[in-house]
Amino acid sequence: MSLLHATWLPVVPAGSFAKGKAPTAGLLIWADTWRVADPVGPVLEAPLHPLSLDLDTLATWLDDNTFWSEDLRQASATLTLPSRQQGVRGQKSEATDGWSGMPLQAGEPLPKDLSWWPWQVEGWFLKPGPAADWLNLLPLSGYAEAGLGDDLHWWSHVQRWCLSLIARGRWLPDAAGGKASWLPLLNREDDRRRLEELALRMPQVVAAASADRHLACGRPRSNRLLVASIVEKLVDGQLRAAFAPGGQGLDPLLAAWDEALGDPGGRLALDEEDQERLAIASHHWRETVAGKVAPARACLELFTPPEGEELWELRFGLQAEADPSLRVPAGMVWAAGDGDLALGEIQVEQPGALLLEGLGRALLAFEPIERGLDTATPEAMQLTPAEAFVLVRTAASRLRDVGVGVILPASLSGGLASRLGLAITAELPEKSRGFTLGETLEWRWEFMIGGVTLNLRDLEKLSAKRSPLVQHKGAWIELRPLDLKNAEKFCAAEPPFSLDDALRITGNEGETLQRLPVHAFTAGPRLQAVLEQYHQQKAPDPLPAPPGFAGQLRPYQERGLGWLAFLHRFDQGACLADDMGLGKTIQLLAFLQHLKAEEELKRPVLLVAPTSVLTNWKREAAAFTPDLVVNEHYGPRRPSSPDALKKALKGVDLVLTSYGLMQRDSEILDTLDWQGVVIDEAQAIKNHNAKQSMAARDLGRPGKGPRFRIALTGTPVENRVSELWALMDFLNPKVLGDEPFFRQRYRLPIERYGDMSSLRDLKGRVGPFILRRLKTDKSIITDLPEKVELSEWVGLAPEQRKLYNKTVEDSLDAIARAPLGQKHGQVLALLTRLKQICNHPALALKQDPDPNDAGFFKDFAARSAKVQRLEEILEEVMEAGDRALLFTQFAEWGHLLKAHLEHRWRQEVPFLYGNTSKTERQAMVDRFQEDPRGPQLFLLSLKAGGVGLNLTRASHVFHIDRWWNPAVENQATDRAYRIGQQNRVMVHKFITSGSVEERIDRMIKEKSKLAADIVGSGEEWLGGLDIGQLKDLVTLSED
Amino acid sequence: MTITPGNHNGITTQLGDQGLGQQPWWVEQWMELINGYRFKKRLERAWAYAREGNVLSIRFEGRRVHARVQGSGEDPYKVKLWLDVLSDDDWGYVLEALGQKARWSAQLLAGVMPQDIERAFAASGRRLFPFKLQEVRSECTCPDKINPCKHVSAVYYLMGERFSEDPFVLFQLRGRTRAQLLSDLAVQRRALLAKKASEAKAARKADGDGAPLPSAADGLHNPTPVAIRDPNRWWRYDAALDPGLVVITPAMEGDTGLDEAGPLPLAEDGRFPEAPRQFVEHLRSQGAGFSTAAMATAMAAGSNQEQPNDSNG
């Protein structure tokens, strides 16, 4: 897969436009891809980028992805890119005289020997105007999946900023140097910050063609000027194209300017003298609005009067644009004299002139400063209270708009904190346990402004002073006209304060009580404990494995159990979203056992899961919680009336059912008074309109008694905004409001515009109800072994089951009658066939579809429970961006599965087996290991792929079918689990329950004599089995 | 601008008989100077000349003003105007005086002509503005023996307006361009600062306080190193869209660049009354269109990716 990039070219590349046209800067669009390429040896000129896409392929790609534009022109440029030093194959390193190597690609691991090296890159070029139009085509998100480099994401943000500048009219026309142009005004506080952020975060590839070697080579240096010039060119290009000249009644001078502003070249048809006149006038016009782009700006810092005095002090200084907290006082600026001044890492040239210019600008916005500039090197001045008030109230924002920083005392610095608000102290009442939301708390409150507390009497006294800035308890605060009235209103209301209020106020910033912002909240120790646990600031106390639990819990699992129990006490639904392999099943079973041990489990709990994992649940429950009475609501013999169900579930603790049956039997299931409903693989209810989701939601509502709700999922639910609502609707319906509200408030802002503040707010709201730990979390890593082996129990689909039983029946008879010499062969054939059936009927029936037969592969998964389960797990692997090895012992199965997986994920799945040639093998391995955007899945035959290869990029290993000899499986596992592996390896072993696969698994585990024979002698021993033993081995057990 | 002789093709004045209106102080001062002239009749004729466009061109070339004025003859007369240039010594005094008040440098750097700039010139006993019209030297190729002739006087009028386009031409006429002046000021300021710095150092030494010079980093926290050194920044970008750019909004009332910049400081051509205002008006109306279009473009972005989840219920 290729990745698209965009690099800014400062000048037009040679030969791409007709001669005589003015050179212009613009955007070069190019792409690199992964392919096997030899390192490039030393050459005189910059070599062609060996991994770049050629022009035709790129054009086709652009066209296919609706990124083609008629304005694109062929071009090439020399880009300085990070490169790997690498000897040319076949040449001894001493023989090479000079540098040789390869350019690095995005996402590639960094080599030790890194150099920046020029590469010739071919691509398509756009002038600034068309470049802006093209950038408008870019999506708001989903870059990697669409084959778009992160640099394009950066470009889209730059262009969005340009649109904002244009929408806000932040531009002025210019006429410098005989050319008319449009200049964006970047002086506003917000725009300065945007320039700073985009410059700081600019991917280096954007500047790779820069004539400035420092920029091109990624040496530390500010990109501010580069980004400012890019924005200048993009805004100019857009406005120039949009502008319709034709102002009425213009004199020749202005008519020429008017004309040139809409002209692509912008040349002013005027003689030199008039050009000069226009240049001066336009410069003079703009100069008082916006200054130059510099790394620092003048700032004014206001200090409150010393005790007992009246006058405020205003100190002058410089402040870094990149980090406003980096400041130097004017005295230091003057002391720097002729030299540069360092603000942290930022070098400021001519700091004196910069400070003076800023002060000159400050004079325009805040006149009193004039008084302070009467000396040669002023450092500070004094302001009267009235002047200080004007500064705080109005002048500060004007000053910031002309590009002068203003720092006010904390209590006056604007924002919510300097407004009238509340300081609250609260505690749980003596007898409360703190688990009822509506519960009233014991509480005290005071008013608070600018960090100091005051009561109504204080406020009255201060208001009587009739001065906007007053001092209270040593701090200066600003009183607003309505403050006293609002305070009186609040006192009269005497509102109650509930646990709900406390949770709300501590959960989100800027929450209010009776319209007054809450500035400070102090909880008593008992309330604090509840709040901390609720907000996950402190994990709820871990719970050890309950009595009767047959197994051990890892420390993080004990924490998970504690968390489930904690939310249960609050009657809050919980979503346990731990990463795959961390043991969600075990934690849930431990939780149920905990209830049972506490004698709280009085009614049955319904667990809904995909059919493919029901077997797994049954197995795990039997293994870990033998005390729990488990019943399956599944199959044709399940109860079909409310009474039958009630009878069947007498004394049952846990009922397992599938999503399909939950929906089909919802009327019957609804009649039972469940103690709780658990949904596994909760992404199944992501679509809130689907019947399945509605059935789950209805089941989750309390019946006669309270009903707990738990959802289990391995996907990062908190990032899937559109699915969150349905999930929360099941767990805790009121948290996110109704669906239309949710869509307006959260979904649209976040999904369409990537609005971070809405996302933060949303996460804050759902955070308490979702627990997600990753394998990579520090606290988990210490708990988990390097290699985690997971048994994936699966059942059989109807077709499989029928085929399996029939095969066993037919074969046993035949084997019993077979002559001794043929018996061994027939037993072997039977076992092979049964294992194939466990994989998929199509394999056993030797179906050989065309890989492009879409109809065949559409139903493919439905025919095999194993494939269904495999898909579910792979879904999570792909989602996480992980890579996986899939081993099978059947080459035919490899081909079938390869075709199916490629249909399913629309990405290439290489398959390495006995017939793969040596060169192909190497290419597959290289690509899997090296290509940053290479395939995520790699199929291998156990025999051909089980030894010798190094595939450490995979962090999951799947053994789709079982081999008799665990050593062979382990050897295959070690392709990924070996030196060079940086992640934990998850090993998934599929076992079809009740089948021959389970017997094999048991034999291996029990290390029986039989197993020892097996390990010692391959499949030879099979011939020695008598019919009875063979029957035990292969017959499907129905438990 | 190509200039052809003729009564209706030259430069005219915006200064009508009504008077001066809202003019920057330096223009007012210039006009006062002219109006203080004794020969009122001649002034009136010059005024008419200026208004009718007889001044074909005015050019500031170095320290002189060159103008061409269409008189009664076929070829326009050439007019030269100049002021007494300040000597380097005098400029030295002026610079020293300018350095005394940070405000003067601050305003000059920010593009503002300080109102009390004359006080700096007074230090050297000189003036920026001529005190009397007689101090404005002039030459005209017309046969009129009286100086200033009406051609010269007509140019006087128009120069006032040129000062409003760029007040710093006054410095130019006195021998220093604005750029020169700023760089001279910088040199002088640096010398002054260097002296101050070394004095401060000496004072500290004398105090026996061997503390090193305060450095900018003292007492301030260091920011994390610039991210460019981080290999993650070579290709990667994972910043979220600035919340302020999520929804693209228009300017608040009166808050565009054009609003802020105010009237275009360009002298009007009498034949095209109000041309600068018209020019800005045209920009403003076009700008409103740009703004609407930009908002529509921003609104459309990403709409093609809206997930179809809504519909498949």
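1. How many helices and strands are there in chain A? In this predicted model, chain A holds 39 helices and 34 strands. Of the 1039 residues in chain A, 47% are buried. When contacts in chain A between residues at least 6 apart in sequence are considered, 72% join residues at least 24 apart.

2. The mean pLDDT of the chain is 84, with 93% of its residues at 70 or more. Helix α3 of chain A (residues 150-167) has the highest confidence, 95, whereas helix α38 of chain A (residues 1009-1017) has the lowest, with a mean of 51. Over residues 15-22 of chain A, pLDDT stays under 50, and the model has six contacts beyond four places in sequence for this stretch. Where pLDDT is low, predicted coordinates should not be read in detail.

3. On the side of chain B, 91 residues are in contact with 104 residues of chain A. Several helices of chain B each supply at least two residues of the side that touches chain A: α3 (88-100), α4 (102-109), α8 (178-206), α9 (232-235), α10 (257-261) and α11 (275-300). The largest share, 15 residues, comes from α11(B). By class, this side of chain B comprises 52 nonpolar, 22 polar and 17 charged residues.

4. The next point concerns the nonpolar cores. The largest has 123 residues, and those with the most contacts inside it are L318(A), L359(A), A362(A), L399(A) and V155(B). Leaving aside neighbours within four places in sequence, V155(B) is in contact with V55(B), I58(B), A67(B), V69(B), V79(B) and L81(B). A second, separate core contains 97 residues, among them L172(A), A207(A), V231(A) and L270(A). In soluble globular proteins, nonpolar side chains tend to be buried together.

5. Helix α2 of chain B (residues 40-52) may be described in some detail. The helix has 13 residues and reaches 18 Å from its first C-alpha to its last, close to the 18 Å expected at 1.5 Å a residue. Its buried residues are L43(B), A46(B), W47(B), Y49(B) and A50(B). These residues lie on the same side of α2(B) because they cover an arc of only 160 degrees around the axis. The buried residues of α2(B) pack against β1 (55-61) and α6 (150-165) of chain B. Just after α2(B), G53(B) takes a positive phi of about 90 degrees.

6. Which side of the burial scale does E494(A) fall on, buried or exposed? E494(A) has phi near 45 degrees, a positive value, and lies in the loop between α14 (483-493) and α15 (499-507) of chain A. E494(A) is exposed, because 7 other C-beta atoms lie within 10 Å and a residue with 12 or fewer counts as exposed.

7. K846(A) is the other residue to check. Its phi is near 55 degrees, again a positive value in a residue other than glycine. K846(A) is found in the loop between α30 (841-844) and α31 (854-858) of chain A. With 8 C-beta neighbours inside 10 Å, K846(A) also counts as exposed.

Terms used: Residues are numbered from 1 along each chain as its sequence is written. Chains are lettered from A and ligands numbered from 1 in the order in which they are written. This is a predicted model: local features need pLDDT of at least 70, side-chain atom pairs count only at pLDDT 80 or more; totals for chains, interfaces and linings use all residues. Two residues are in contact if their C-beta atoms, placed from the backbone, lie within 7 Å. Helices (H or I, at least four residues) and strands (E, at least two) are DSSP runs, numbered from the N terminus. Ala, Val, Leu, Ile, Met, Phe, Trp, Tyr, Cys and Pro count as nonpolar, Asp, Glu, Lys and Arg as charged, and the others, Gly among them, as polar. The expected span of a helix is 1.5 Å times one less than its number of residues. A residue is buried if 20 or more other C-beta atoms lie within 10 Å of its own, exposed if 12 or fewer, and partly exposed in between; C-beta atoms are placed from the backbone. The arc is that of the directions from the helix axis to the C-beta atoms. pLDDT is the predictor's confidence in each residue, from 0 to 100. A nonpolar core is a set of buried Ala, Val, Leu, Ile, Met, Phe, Trp, Tyr and Cys residues joined through C-beta atoms within 7 Å.
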